[in-house]
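Here is a short briefing for a first look. Please keep the sequence and the 3D view open while reading.

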Amino acid sequence: MPEIPELEVIVPSGSGEQKPPSRLEVFFTRDRISTHELYDDIEASLELRPNYLLTVILSALIAALGMHSGQTAVVIGAMIIAPLLGPTMAMAMAVTLGDFALSRRAMSTLVVGIFAALLFTFLLGMFIDVDPLVSELRNRTIVHPADIALALACSAAGVLAFSQGTSLSLVGVTIAVALAPPIAAAGLFFGSGEEMLGLRALFLLATNLVCINVASIVTFLVQRLPPRNWRITSGIFLIWLLILFLFVGLVGGRIVIGSSGPIYVAGDPSSDQQAASNPD
């Protein structure tokens, strides 16, 4: 584990006595566990073990079947077991601390998990009839401002709970709500031949990932998690922020990979009639 100094040892040696923290700083950091404890809690979740891949695949399949049948309770159950919090939280923590080794491990673990979930839900979509007009699936093809707000709020709440020592398995649902459903929906759409809808679901996933990183970095900094190099941390954070503004502009301008209008399904009479009446 790399040595990560806490805030009190970052003060320059020639600055004399350390400045005591303000009441606001004490308020935000009084419940936070140490940086080394955060590393210990997140370390096990970054290992690419068969158990991690199996849990990711099963949670994605459960979410896909729940959305396919329109059962919200099943989708919630899939989010509870999805082990996506560890690598996602580690990415934000790595940016905050300037730890590139942790960032590489977190990114590789998250990418492998996402690809595994996409592959198996893709195969599932090849063997079942997928109706894009089911509300649980349709909602994953359109990015609303409420989705952005949800991802920001969920990630901030997840960081707060995680930094207080709450179990990752209990906090995970706050992050999985923004990741597991769009991953499963994208796999189903690609497997059923609805490539455009699959791309829309991936756009929702990308938007949520950006929101999670932005909100998590801000929350870590508010809790005085000490960066090694402020220039690196602020630079990467600004990149995430610019991407978020770009995505918000796409959502606001209704130019998200086509349009955010009604979904037309080939071969469906009602969809064909709608398409004829809406040539744009």
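The notes below cover the nonpolar core, one threonine and the cysteines.

This is a predicted model: local features need pLDDT of at least 70, side-chain atom pairs count only at pLDDT 80 or more, and totals for chains, interfaces and linings use all residues. Residues are numbered from 1 along each chain as its sequence is written, and side-chain values use heavy atoms, with hydrogens and water left out.

**Nonpolar core**
- A nonpolar core is a set of buried Ala, Val, Leu, Ile, Met, Phe, Trp, Tyr and Cys residues joined through side-chain atoms within 4.5 Å; buried means under 20% relative accessible area, exposed over 50%, partly exposed in between (1.4 Å probe, protein chains only).
- The largest such core has 65 residues, and Leu84, Met93 and Phe220 have the most contacts inside it.
- Helix 10 (residues 195-222) gives this core its largest share, 12 residues.
- Helices (H or I, at least four residues) and strands (E, at least two) are DSSP runs, numbered from the N terminus.
- Beyond four places in sequence, Leu84 is in contact (heavy atoms within 4.5 Å) with Tyr52, Val56, Leu110, Leu179, Ala180 and Ile183.

**Thr96**
- Thr96 sits in helix 5 (residues 85-97).
- Thr96 counts as buried because its relative accessibility is 0%.
- A polar atom of the Thr96 side chain lies 2.8 Å from the backbone oxygen of Ala92.
- Leaving out residues up to four places away in sequence, Thr96 touches Ile217, Phe220, Leu221, Leu225, Pro227 and Thr233.

**Cysteines**
- The whole structure has 0 disulfides (pairs of cysteine sulfur atoms within 2.5 Å).
- Cys154 is buried, at 14% relative accessible area.
- Cys211 is buried too, at 0%.

Technical notes
Polar contact = N/O pair within 3.5 Å; in protein donor to acceptor, adjacent residues only side chain to side chain.
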